[in-house]
Amino acid sequence: MTIQLPRLTFWKALLTLILLAGLYATVVRFTRGLGASTNLSDDFPWGLWIGFDVLCGVMLAAGGFILTATVHIFNLEKFKPIIRPTVLTAFLGYVLVVVALLFDLGRPYRIWHPLVMWNPHSVMFEVAWCVTLYTTVLALEFAPVVFERLRFRRPLRLLRTISIPLVIAGVILSTLHQSSLGSLYLIVPEKLHPLWYSPLLPVFFFISAVAVGLAMVIFESWMSSKAFGKQLELPLLQSLGRVLLVVLGVYAVLRFEDLLHRGALPLVIHSSYETDLFLLESVIGLLLPIALLANPRIRATAGGLYLCAVLVVLGFVTNRLNVSITGMESTAGVHYIPRWTEIAVTASIIGAGFAIFALAVKYLPIFPAAIEGEALPEELPKAVGEEPSAAA
Amino acid sequence: MSKAILYDSTQCIGCKLCEKACADRNKLPYDDKIGAEEKLSAHKLTAVEVRGDKFMRRLCMNCEEPTCASVCPVAAIRKNPEGPVTYDASRCIGCRYCMMACPFNVPKYEWNLLLPRVRKCDMCADRVAAGKPTACAEACPTGATKFGERDDLIAEAKERIARKPNQYLNHIYGLNEVGGTSVLLLASVPFAEFGYRTDIPKLPLPMLTYRVLSRIPDLVALGGVLLGGIWWITHRREEVAEAEGNQKEGEKKKE
């Protein structure tokens, strides 16, 4: 324990520093406005908060719907032990996306307007509705964990009866808004660079969300093993790795075919700012992980799988930043680099996510090992139910 | 009938009275310094650009099928039947998707205000509704900016080009761009020289997203049945296995 203490203090100190910077940036944002707190302008109205916090945030939280579908719809029970940490990450992710939106919106107190002032022709309207509904679904999917801790039996039973419709709703809502984040950019054919503008943007955003969702489950297992000494069994990680390889393969083929048929493939040879960034995202997010995962020896080890997961996450984060920021720069005629206040807010939101996750793991039955005995989530209410009679 | 503005840059003398009239009507400050700015901004809703002896106006094109109105999640931007594309600040949440999506980069933002609004020319919607011309058209001393019925103005523009083919570029900007706009431009030099993009699609952009969005109800129904069906099948196997197991156990007991 004494050896671990200094490392813990370092992370806490770093987190405190980030949160303090974020707090100051928050004050600047809400007292002096977007002009003083961001490098956004009339030429470049969307920056880091949309490009990273929203587009990447929603993608990184995709594990939630993939895993609930795997376990509850496809009935692959072996993945049940990781459902709780994944649903928690997804729920936290979506809440933090909404927090980030409150920073980015010019009038954050009107964030509820899309729910009552409709425009069904707007992709943003659809995303607003889907994210609202799906965050509610995630809250209900995670609620049993809290209810178990508090021993609320009746709401627990109620949630269990509607759990399958909830999971189905969650998968549909996720499919819709994960793809719709790509549809947001369908409206700018003359602005987004041809390496990224494609009629298939919604399809690409959906498949990449699935890939990153899987990668995040692997990555979280590694983080948990470092931080809490809890990790997944290797065979589970290996199955995830195999699925990840297939998903990446599908994405890579589709991406290549799309570039080919749109006649954008020659752009890959011409050296330019955009080409370099395209190669960066393709090598990190597709080529390297596919090559590594295709090797059975690497795929079989936890270390190899973690490495691939990190590459996939970084590669697709680069892809989304390219769609939302760098791919828009040349037609905007400006070079956008986020102001420190924008970075501080984003870093704080990520930091807060880690901190809340750590607290939840400490106080709630998230990891299977944290649940006493071998009681699985489903069996717990029985245990709770038995208590009164035992007491009597 | 839909109204429009025809701006004939060959008749423009660069007096910028349209800028002044626009500022007055929108209660915005106007002086020589602001007059010298050749860019649209939250405090300048129309601008006259000067390149030597050539001039070009910039203002909201008030598209026939506005991209900004289609992307707005709260329907703060609307196309009025008379032509103007108006903005209702009381609905706006400040997502700035309109600015992102506008093919002409027209909407501007009050970045330095704590409660900012989007600002853009609204073709003097209140004046037009009252049967009056826009402030800029009324102020124009040479007739370079003309207000009228869109169909009439298109006919007139075609006639001007036909009468003096050497003086005009054979292109009415706004006739077909993104499905047509309520502001029509004539010029003697390529529009691209003034930063007007000539490579933008001729079809209305809102179609690009609507053809995806319109499939959502189908997708929801299909997804619900498909996922529910998969759940039923995967769990039915379990039930069957369990029932068979019980039966066998029962048989064993009988024995």
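## Chain B: overall form

Chain B has a radius of gyration of 28 Å, whereas a compact globule of 255 residues would have one near 18 Å. The radius of gyration is taken over C-alpha atoms, and the globule rule is 2.2 Å times the number of residues to the power 0.38. Along the principal axes, the C-alpha atoms of chain B fill a box of roughly 110 × 45 × 35 Å.

This is a predicted model, in which local features need pLDDT of at least 70, side-chain atom pairs count only at pLDDT 80 or more, and totals for chains, interfaces and linings use all residues. Residues are numbered from 1 along each chain as its sequence is written, while chains are lettered from A and ligands numbered from 1 in the order in which they are written.

## Confidence

The average pLDDT of chain B is 94, and 96% of the residues score at least 70. Here pLDDT is the predictor's confidence in each residue, from 0 to 100. For the complex, the predictor gives an ipTM of 0.91 and a pTM of 0.91.

## Chain B: contents and sheet

Chain B holds nine helices and nine strands. Helices (H or I, at least four residues) and strands (E, at least two) are DSSP runs, numbered from the N terminus. Of the 255 residues in chain B, 42% are buried; a residue is buried if 20 or more other C-beta atoms lie within 10 Å of its own, exposed if 12 or fewer, and partly exposed in between, with C-beta atoms placed from the backbone. Among contacts in chain B between residues at least 6 apart in sequence, 61% join residues at least 24 apart. Two residues are in contact if their C-beta atoms, placed from the backbone, lie within 7 Å.

Three strands of chain B form an open sheet with mixed pairing, in the order β8-β1-β9. Its edge strands are β8 (145-149) and β9 (183-186) of chain B, each pairing on one side only. From one strand to the next the twist averages 25 degrees; axes are lines fitted to C-alpha atoms, for helices over the stretch in contact, and angles run from 0 to 180 degrees between N-to-C directions. Strand β1 (residues 3-8) of chain B pairs with β8(B) in the antiparallel sense over five bridges, and two strands pair if DSSP finds at least two bridges between them. B:Leu6 stands opposite B:Lys146 in β8(B).

## Chain A

Chain A has 15 helices and zero strands. Its radius of gyration is 22 Å, close to the 21 Å that the globule rule gives for 392 residues, so chain A is as compact as a globular protein of that length. The C-alpha trace of chain A spans about 75 × 55 × 50 Å along its principal axes. Buried residues make up 45% of the 392 residues of chain A.

A:Val28 lies in helix α1 of chain A. This residue counts as partly exposed because it has 18 C-beta neighbours inside 10 Å. Leaving aside neighbours within four places in sequence, A:Val28 is in contact with A:Ala36, A:Ser37 and A:Thr341.

## Where the chains meet

The contact takes 40 residues from chain A and 49 residues from chain B. On the side of chain A that touches chain B, the elements giving two or more residues are α1 (4-37), α5 (113-116), α6 (123-150) and α8 (163-183) of chain A. α8(A) gives the most to this side, with seven residues.

The residues on that side of chain A divide into 24 nonpolar, 11 polar and five charged. Ala, Val, Leu, Ile, Met, Phe, Trp, Tyr, Cys and Pro count as nonpolar, Asp, Glu, Lys and Arg as charged, and the others, Gly among them, as polar.
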